[in-house]
Amino acid sequence: MSNPMFTVAVSAVGGREGKVHSEDGVINHEIAMPGTPRAKELPE
C-alpha cells in the first residue's frame, strides 16, 4: 500500500442539479444532468 500524496475534502450539494466545491476553492463547478434545461444554461 502506498502513502497518500495529499488529501482534500470536497462537498457536493444538490445531487444531479447542484454544485461541487473543495475546501481550498480549486474545485468549484455547477453540475446538471445532460440534456436538461439547466445543463443548457451552464458553460461546457
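Predicted model: local features only at pLDDT ≥ 70, side-chain atom pairs only at ≥ 80, totals over all residues.
Residues are numbered from 1 along each chain as its sequence is written, and side-chain values use heavy atoms, with hydrogens and water left out.

Let's start with the layout. The chain has 1 helix and 3 strands, and from the N terminus on they come in the order β-β-β-α. Helices (H or I, at least four residues) and strands (E, at least two) are DSSP runs, numbered from the N terminus. The C-alpha trace spans about 45 × 20 × 20 Å along its principal axes. Of the 44 residues, 9% count as buried. Here buried means under 20% relative accessible area, exposed means over 50%, and partly exposed is what lies in between, with a 1.4 Å probe and protein chains only. The chain exposes about 4,100 Å², and carbon and sulfur atoms supply 57% of that; accessible areas come from the Shrake-Rupley method with a 1.4 Å probe, and for residues only the protein chains shown count as cover. As for contacts (heavy atoms within 4.5 Å), among those between residues at least 6 apart in sequence, 0% join residues at least 24 apart.

Strands S1 and S2 pair in the antiparallel sense over 4 bridges; two strands pair if DSSP finds at least two bridges between them. Val-13 stands opposite Lys-19 in S2. The hairpin has 5 residues between its strands, and Gly-14 takes a positive phi near 90° there.

Gly-18 is also in the loop between S1 and S2, and at 5% relative accessibility it counts as buried. What does Gly-18 touch, leaving aside its neighbours within four places in sequence? Gly-18 is in contact with Val-13, His-29, Glu-30, Ile-31 and Arg-38. For a sense of scale, the C-alpha atoms of Gly-18 and Lys-40 are separated by 14 Å, and these residues are 22 apart along the chain.

The structure holds 3 salt bridges, a salt bridge being a side-chain nitrogen of Lys or Arg within 4 Å of a carboxyl oxygen of Asp or Glu. Glu-17 forms one with Arg-38, the closest N and O atoms being 3.6 Å apart. This pair links distant parts of the chain: Glu-17 sits in the loop between strand S1 (10–13) and strand S2 (19–22), Arg-38 is in helix H1 (residues 37–41), and the two are 21 residues apart. Both ends are partly exposed, Glu-17 with a relative accessible area of 33% and Arg-38 with 25%.

Lys-19 forms a salt bridge with Glu-30, with the closest N and O atoms 3.7 Å apart. That pair also links distant parts of the chain, from Lys-19 in strand S2 to Glu-30 in strand S3 (residues 28–30), 11 residues apart. Lys-19 is partly exposed at 43%, and Glu-30 is partly exposed at 38%. Then Arg-38 forms a salt bridge with Glu-30, where the closest N and O atoms are 2.6 Å apart. Put together, Glu-17, Lys-19, Glu-30 and Arg-38 are linked in a network of salt bridges.

Next, look at Ser-22, which is in strand S2. Is Ser-22 buried or exposed? At 5% relative accessibility, Ser-22 counts as buried. The side chain of Ser-22 makes a polar contact with the side chain of Asp-24 at 2.6 Å. (A polar contact is a pair of N or O atoms within 3.5 Å; within protein, one must be able to donate a hydrogen and the other to accept it, and residues adjacent in sequence count only if both atoms are side-chain atoms.) A polar atom of the Ser-22 side chain also lies 3.2 Å from the backbone nitrogen of Val-26. Not counting residues up to four places away in sequence, Ser-22 touches Val-8, Ala-9, Val-10 and Ile-27.

Some of these names come back on the surface. Met-5, Phe-6, Val-8, Val-10, Val-26 and Ile-27 form a nonpolar patch there, with about 680 Å² of accessible area together. Patches are made of residues with over 30% relative accessible area and no salt bridge; like charges are joined within 9 Å, and nonpolar side chains (Val, Leu, Ile, Met, Phe, Trp, Tyr) within 5 Å. Ile-27 lies in the loop between S2 and S3 and counts as partly exposed at 33% relative accessibility.
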